[in-house]
Amino acid sequence: DPVTGKRKYIYGKTKREVSETLKGILRDQQRGIPVAVERQTVAQFLDRWLKDTARHRLAASTFAAYSGNVRLHIVPYLGKLALTKLTAQDLSRLTSTLLDKGLSPRSAQYVHAILHSALRQAVRWDLLGRNPADAIDSPRPARHEIAPLSPEQIRRLLAVSRGDRLYALYLLALTSTMRQGELLGLRWADVDWGRGALHVRRKLLRTKATGLAFSEPKTKKGQRSIPLPPLAMAALAEHRAAQRVERAVAGSRWEDHDLIFPNGRGKPMEQQNLVSRAFKPLLVRAGLPAIRFHDLRHSAATLLLMQGVHPKVVQERLGHATIGVTMDTYSHVLPSMQQDAASKLEAFLADPPAPEDGGGSPAASAPSA
């Protein structure tokens with residue numbers, strides 16, 4: 001290597017293979033692409049990348065997901081390969097293998113995204129001349145069918161949950177469009193009583209690495225202020241009064257974390273406990289389908305779009321990074337929005353405004369002398 005002064009040995013099964021490899025290296029040098037001299041396996045590189053880069057850049061939950069996917073879906077198949085010999089064909093074969101073993105297209109796409117990010121760092125560290133993941137397309141996941149409640153079902157859910165300890169939680173889910181983790185991470189300090197709004201600053205998540213812990217939203221769009229209708233603010237006020245009584249009854253057993261929706265002892269509420277012990281029984285009592293808690297968020301967004309709220313406003317309430325994500329997620333609402341637009345055009349064009357008085361059009365009037 002003329003830059004580092006290190007000698008690089010080239011191996012191959014035949015003289016022709018070595019010659020072709022050498023030609024490729026020389027072409028890369030002429031294009032200014034560095035020649036990687038560090039001999040390490042894909043597993044060794046990924047371990048280093050996770051510890052030195054990903055751990056400091058990613059949220060705890062995302063880092064745990066990256067680590068798990070590397071351990072389960074990448075290292076067993078690519079780990080022993082030399083990093084410098086990793087090819088696009090190897091990555092394509094990995095995707096095919098994972099899909100054949102039953103991994104969903106969405107999960108396989110996630111694995112591809114992890115590898116793409118890691119190998120991009122390898123290029124920056126001059127360990128690779130190019131990113132082999134650039135040469136292949138990630139698998140296209142099947143669109144997940146969301147299950148929003150209808151307006152009538154929303155009314156039924158709220159009517160049945162009225163008087164429930166978590167009524168305010170369900171009402172907020174259907175009016176704020178917040179995620180479950182964001183709702184459970186809310187503190188009373190996040191309520192702006194004067195403006196009638198909530199400030200989303202963190203979320204509650206459980207990971208294997210950290211257990212139950214709070215973390216900031218992944219993007220700046222996730223940190224947002226959400227105006228609430230008076231109905232929701234009134235429910236919050238009632239909930240706060242009921243919580244004061246609950247806290248007094250618990251006495252010294254209560255742990256104060258300033259949470260709006262804690263468990264019965266003031267501690268952060270386990271998401272799974274909320275679903276299994278409260279939400280699913282509520283659906284049964286209301287005679288509603290067995291939807292996910294997250295579908296309350298979908299129901300709220302769908303209702304807003306159906307009511308004619310501008311998609312940009314809905315995007316900001318949801319905390320989506322782009323409006324494209326919002327419209328892709330709620331494409332099921334587009335046909336009714338298109339029909340509504342056509343109806344409004346028809347109403348306008350079929351009943352045009354009356355012409356102004358003034359004695360005819362300019363084209364028919366005589367020119368001035």
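Visitor: In which helix is phenylalanine 348 found?
Guide: The model is predicted: local features need pLDDT of at least 70, side-chain atom pairs count at pLDDT 80 or more, and totals for chains, interfaces and linings use all residues. Residues are numbered from 1 along each chain as its sequence is written, and side-chain values use heavy atoms, without hydrogens and water. Helices are DSSP runs of H or I with at least four residues, numbered from the N terminus, and strands are runs of E with at least two. Phenylalanine 348 lies within residues 334–350, which form helix 14.

Visitor: Is phenylalanine 348 buried or exposed?
Guide: Buried means under 20% relative accessible area, exposed over 50%, and partly exposed in between (1.4 Å probe, protein chains only). Phenylalanine 348 has a relative accessible area of 53%, so this residue is exposed.

Visitor: Which residue in strand 2 is the bridge partner of valine 191?
Guide: Two strands pair if DSSP finds at least two bridges between them. Strand 1 and strand 2 pair in the antiparallel sense over 2 bridges, within an open sheet of order 1-2-5. The strand 2 partner of valine 191 is leucine 198.
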